[in-house]
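Biologist: I am new to this protein and would like a close look at one part of it. Could you start from a single contact between side chains and then guide me from there into the interior?

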Amino acid sequence: MDDYVAPDNPVRAIDVFVQTLELDALGFKHAGAWSGSGQPPFDPAVLLKLSIYGYQNKVRSSRGLEKTTRYHVEVMWLCQGATPTYKTIADFRKNTLEALQKVNREFVQVCRDLSLVGGTTVAVDGTFLKASANRSTVYTKSGLAREIARLDSQIAAYFDALGAADDTDAEDDLSDPDLVAKITA
């Protein structure tokens, strides 16, 4: 199957990124553990790779992700042939919200370490900016902490919306303007 996935396919980057993470330290359960009796749990690395693939390719529902594991060769390669059910995918996202947020932060840090994102240069093309340096626009440490908390709550709202989409079994729920307004508010 490796021959069917191009060397520059983004799923290879997802695979390498997830392999660099210490999943148990991030809070994922069952990382590399199986007691030997009963049905073994799905490897959280496989479910994490599938979730990242879904975010990247706008496949938001767990049923949609389940279908991709059966029909897309690149996802078959990424998941090593595993085909988790939609319930397993939905439960993974619901039960590992905090760990998924840590993975997002880790990804930003990797991008900074690889100099893909510097955070020091802003490019603006044809836009007029109004400079304002009053107290409400300058971030202090405590203000930055509040902003990070606000962003974390928006991420949690996004994952709640994903859960709602799973509950209603509709892939297009996140295109609803009212739902998007709630997430970005």
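Modeller: Happy to! Please keep in mind that this is a predicted model. Let us begin with Arg 150 and Glu 147, whose side chains are joined by a polar contact of 2.5 Å. Arg 150 lies in helix H8, and it counts as partly exposed because its relative accessibility is 37%, between the 20% limit for buried and the 50% limit for exposed.

The side chain of Gln 101 reaches the backbone oxygen of Asp 152 at 3.5 Å. Gln 101 belongs to helix H7. With a relative accessibility of 11%, Gln 101 counts as buried, since buried means under 20%. If we set aside its neighbours within four places in sequence, Gln 101 is in contact with Asp 152, Ile 155 and Ala 156.

The largest one has 29 residues, and Val 18, Leu 21, Phe 28, Leu 48 and Val 103 are the members that touch the most others. Helices H7 (97–113) and H8 (141–168) are among those that each supply at least two residues of this core, and so are H1 (10–20), H2 (23–26), H3 (44–56), H5 (73–78) and H6 (86–95). Helix H3 gives the largest share, with seven residues.

Leaving out neighbours within four places in sequence, Leu 48 is in contact with Val 18, Leu 21, Leu 23, Phe 28, Phe 92, Leu 100 and Val 103.

For a contrast, turn to Tyr 4, which sits in the segment before H1. Tyr 4 counts as exposed because its relative accessibility is 70%, and the limit for exposed is over 50%. Together with Met 1 and Val 73, Tyr 4 makes a nonpolar surface patch of about 350 Å².

Finally, let us step back to the whole protein. Of the 185 residues, 30% are buried. The accessible surface comes to about 12,500 Å², and carbon and sulfur atoms account for 54% of it. Among contacts between residues at least 6 apart in sequence, 66% join residues at least 24 apart.

Note on methods. Residues are numbered from 1 along each chain as its sequence is written. This is a predicted model: local features need pLDDT of at least 70, side-chain atom pairs count only at pLDDT 80 or more; totals for chains, interfaces and linings use all residues. Side-chain values use heavy atoms; hydrogens and water are left out. A nonpolar core is a set of buried Ala, Val, Leu, Ile, Met, Phe, Trp, Tyr and Cys residues joined through side-chain atoms within 4.5 Å. Buried means under 20% relative accessible area, exposed over 50%, partly exposed in between (1.4 Å probe, protein chains only). Helices (H or I, at least four residues) and strands (E, at least two) are DSSP runs, numbered from the N terminus. Contact means heavy atoms within 4.5 Å. Patches are made of residues with over 30% relative accessible area and no salt bridge: like charges are joined within 9 Å, nonpolar side chains (Val, Leu, Ile, Met, Phe, Trp, Tyr) within 5 Å. Accessible areas come from the Shrake-Rupley method with a 1.4 Å probe; for residues, only the protein chains shown count as cover. A salt bridge is a side-chain nitrogen of Lys or Arg within 4 Å of a carboxyl oxygen of Asp or Glu. A polar contact is a pair of N or O atoms within 3.5 Å; within protein, one must be able to donate a hydrogen and the other to accept it, and residues adjacent in sequence count only if both atoms are side-chain atoms.
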